[in-house]
Amino acid sequence: MGRTGYTCIRHVFCSLNVLIWLCACGILGAGLWLRLAYSGYTTLVPHYSFASADSLLLAAGCVTFVIAFFGCCGAWFQSRCMLITYFFLVILMFLGESMLGTLAFIFREHLSKSLKDELLFGIEKHYNLTREPGTLPAIWDHIHTEFHCCGVRDYTDWFRIDAWPTEDRVPDSCCIQRERYCGRLGPGERNKEHWYQEGCATAIQMWLVTRLHVVGTVGLVVAFLQLFGQVASMILFCTVRHKRSSHTYKSYDTANT
């Protein structure tokens, strides 16, 4: 490979991984912020708190940070060891994504039921009347308001939970026009007409369906970056090996390229 082509690939590859590394730092920051400011996410699905939004962001940020570090340093210092490590890490990440995607598709019905059961358990056992920012009640209030829904399946999910074991009522955020105590049943149960009738599981599912094009675009971009990273890392790996065995290796020194 000519010097210009090699230098171009190395610089583009290095710059791309610096950008990914910065994105990983942003993902880690978002995960830490959610962990500290919105601890209620862990009680949305109590038995699977490791799969909460903050935990997933922290895990994704750490993995991306490590992979981008090897890619950037491998290209900049022309380290064959780092480049081959980067190549295998990207392959492992791709295989992991494929396996998780396949399993999620195969067991989608079971996963959907388990998620609903966990959300219901969180409502019944962990919901309280505290409205501190980041707590479970505040998160459910935000979900109700954002998606115009109530409960997981419907508003009856809130009846006789541990927070109000003798009442058939809902949080005030379930009301179409929110007012104080609007979630309590009035005479003749007329207040039900002013509550959101749709469950949040259905509302969020429809929200995701209407944005499948965004999900598909993100998936294609990630797949392209992974493919480009694998091809570029192998080109650099082979070129560095060739240059080190060549008498012209000094002319390609890092300081000159």
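A disulfide is a pair of cysteine sulfur atoms within 2.5 Å. Welcome to this structure, which is a predicted model: local features need pLDDT of at least 70, side-chain atom pairs count only at pLDDT 80 or more, and totals for chains, interfaces and linings use all residues. Residues are numbered from 1 along each chain as its sequence is written, and side-chain values use heavy atoms, with hydrogens and water left out.

## The disulfides

By the 2.5 Å rule, there are three disulfides. Here they are side by side.

| Pair | S to S distance | Torsion about the S-S bond |
|---|---|---|
| Cys149 and Cys200 | 2.1 Å | about 90 degrees |
| Cys150 and Cys174 | 2.1 Å | about 85 degrees |
| Cys175 and Cys182 | 2.1 Å | about 115 degrees |

With a torsion of about 115 degrees, the disulfide of Cys175 and Cys182 is right-handed. The disulfide of Cys149 and Cys200 is right-handed as well. Cys149 sits in the loop between α5 (136–147) and α6 (200–209), while Cys200 belongs to helix α6, so this pair ties together parts that are 51 residues apart in sequence. Helices here are DSSP runs of H or I with at least four residues, numbered from the N terminus.

The bond between Cys150 and Cys174 is also right-handed. Both of its cysteines lie in the loop between α5 and α6, and the pair links distant parts of the chain, 24 residues apart. If you number the bonded cysteines of the chain in sequence order, the pairing reads 1-6, 2-3, 4-5.

How accessible are these cysteines? A residue is called buried under 20% relative accessible area, exposed over 50%, and partly exposed in between, using a 1.4 Å probe and protein chains only. Cys149 is buried at 0%, and Cys200 is buried at 3%. Cys150 and Cys174 are both buried. Cys175 has a relative accessible area of 3% and is buried, and Cys182, at 12%, counts as buried too.

## Two other cysteines

Which cysteine sulfur is closest to that of Cys72? It is the one in Cys14, at 3.6 Å, which is too far for a bond. Cys72 is buried at 17% relative accessibility, whereas Cys62 is partly exposed at 42%.

## The pockets

A pocket is found on a 1 Å grid over the protein atoms alone, as an open set of points where a 1.4 Å probe fits, with protein on both sides within 12 Å along at least five of seven lines; its lining residues have an atom within 4 Å of a point. Its volume is the space filled by probe spheres set on the points, which are joined across faces, edges and corners.

The largest pocket has a volume of about 1800 Å³. Its lining has 41 residues, and Val45, Leu115, Leu119, Ile204 and Leu208 lie nearest the centre. Helix α4 (108–126) gives the largest share of that lining, ten residues. By class, the lining divides into 28 nonpolar, eight polar and five charged residues. Ala, Val, Leu, Ile, Met, Phe, Trp, Tyr, Cys and Pro count as nonpolar, Asp, Glu, Lys and Arg as charged, and the others, Gly among them, as polar.

The second largest pocket holds about 740 Å³ of space. It is lined by 22 residues, with Ala60, Thr64, Met93, Glu97 and Val222 nearest its centre. At least two lining residues each come from α1 (3–37), α2, α3 and α7 (212–244), and α2 gives the most, with seven. This lining has 17 nonpolar, four polar and one charged residues.
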